[in-house]
Amino acid sequence: MLLVTGPTGSGKSTTLYAALNLLRKPSVNIITVEDPIEYALAGVNQVQVNTKAGLTFANCLRSILRQDPNVIMVGEIRDKETAEIAMKASQTGHLVLSTLHTNDSISAVTRLIDLEVPGFMISASLSGVLAQRLVRRLCACHDEHGVTSELIARLLAAGVTDPPETVGVPVGCAACDHTGHRGRVGIYELLVFDDAMKMTVASGGRTDEIRSLARVSGMRRMQADALEKIAGCLTSVEEVLRVIPFEPLSAADCGRCGRSLLTDFRYCPYCGSARERGGSTAQRPAERVREGALRG
C-alpha cells in the first residue's frame, strides 16, 4: 500500500493518476473508487461513489475484491471501515494506492491510528508514504542573486541551518503575464517502511520516535527538497516559506552513543546519558560513580 498525503490542492490525485498511467497495461486489472472521477483513463475501471444509493468507498471495495484486481486506487481514506478494507486488500497481494489529509508523511501513521487502525495492520500493509506540496515555478526571465544577510536571518528564523548561496528572484515578462512565475513544481518527502520502521509502528511507537528513526534511516524531509529547489532556482524563497512548514526544531547527536536526538530531550533514550545545556550529553552521576569504581 502506498499513501499520498498533503492538504487540499497539493496534487495528490494527480500523483496517483500518474502512477496509474505508468501501471496501465492490457494485462493489468486496475479498478478505482473515486469521489469524484477527475480524470478518465482508458483501460481503467473507474467507479463513482454515490452515497445516497449506498455506493460508498467501503461497499465498493468489498465488491472490487471479488473481481480479482491487480491494482486498486481509493480516492481518499476517510473512515475506519475504508482504511481496514484497503489494508486487508494490500495484505492479500493487491497494490493499493490512496490519499490522506495530513501535513507530512509521518503524520499519516498518527492519522491511521486515530481512525482506530491497529499498529500491526499498519506495519504489515504500508510500503511507503509520500507527502507533497505544490509551489509556483520561477519563469525563465528570473534573475539569480546572492543571499543577503536579511534573507539568511529569515531562513535561520524558519529553522534552515544551511542556507543556499544563490537564490532565484522573480522578474516578470509577457510569457508569465508579468508575475515572475509560470507553472508549478512539486516538493516531496518519502517515508519508506523498512523492517525497523515496521517494528516501531507495530509496537505502538510515538510520533517523535518514528520521526527520529526516519531521520536516522536517511529520509530527506520536505524542507531539504525545498532548499534544493531554491538552490536550483526552480522556485523562490518567499514561495517556499509560504507553502512549506519549516520547523525551528533541529536534531543533535548524543555525545556518548552518537545517536540522533531531538533538542527537547533531557536524556538520551538509547544510553540514558543526561544532556548538558550546550546540547551534548553527559552521564548520570550514578553511572559516573559506577564506571569510576570499575576503573579503580
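The briefing below takes up a helix, some paired strands and the nonpolar cores.

This is a predicted model, in which local features need pLDDT of at least 70 and side-chain atom pairs count only at pLDDT 80 or more, whereas totals for chains, interfaces and linings use all residues. Residues are numbered from 1 along each chain as its sequence is written, and side-chain values use heavy atoms, with hydrogens and water left out.

**Helix H2**

- In helix H2, which spans residues 57–64 (helices are DSSP runs of H or I with at least four residues, strands are runs of E with at least two, and both are numbered from the N terminus), the residues Phe57, Ala58, Cys60, Leu61 and Ile64 are buried, meaning under 20% relative accessible area with a 1.4 Å probe and protein chains only.
- These residues lie on the same side of H2, because they cover an arc of only 160 degrees around the axis, taken from the directions from the helix axis to the C-beta atoms.
- The buried residues of H2 pack against strands E2 (30–34), E3 (45–48) and E4 (71–74) and against helix H3 (80–91), where contact means heavy atoms within 4.5 Å.

**Strand E1 and its partners**

- Strand E1 (residues 2–5) runs parallel to strand E5 (residues 95–100) and is joined to E5 by four bridges, pairing being assigned if DSSP finds at least two bridges between two strands; here Thr5 stands opposite Leu100.
- E1 also pairs with strand E6 (residues 128–138) in the parallel sense, over four bridges, and Leu2 stands opposite Gly128.

**Nonpolar cores**

- The largest nonpolar core has 38 residues, a core being a set of buried Ala, Val, Leu, Ile, Met, Phe, Trp, Tyr and Cys residues joined through side-chain atoms within 4.5 Å.

Note on methods:
Buried < 20%, exposed > 50% of the residue type's maximum accessible area, 1.4 Å probe, protein only.
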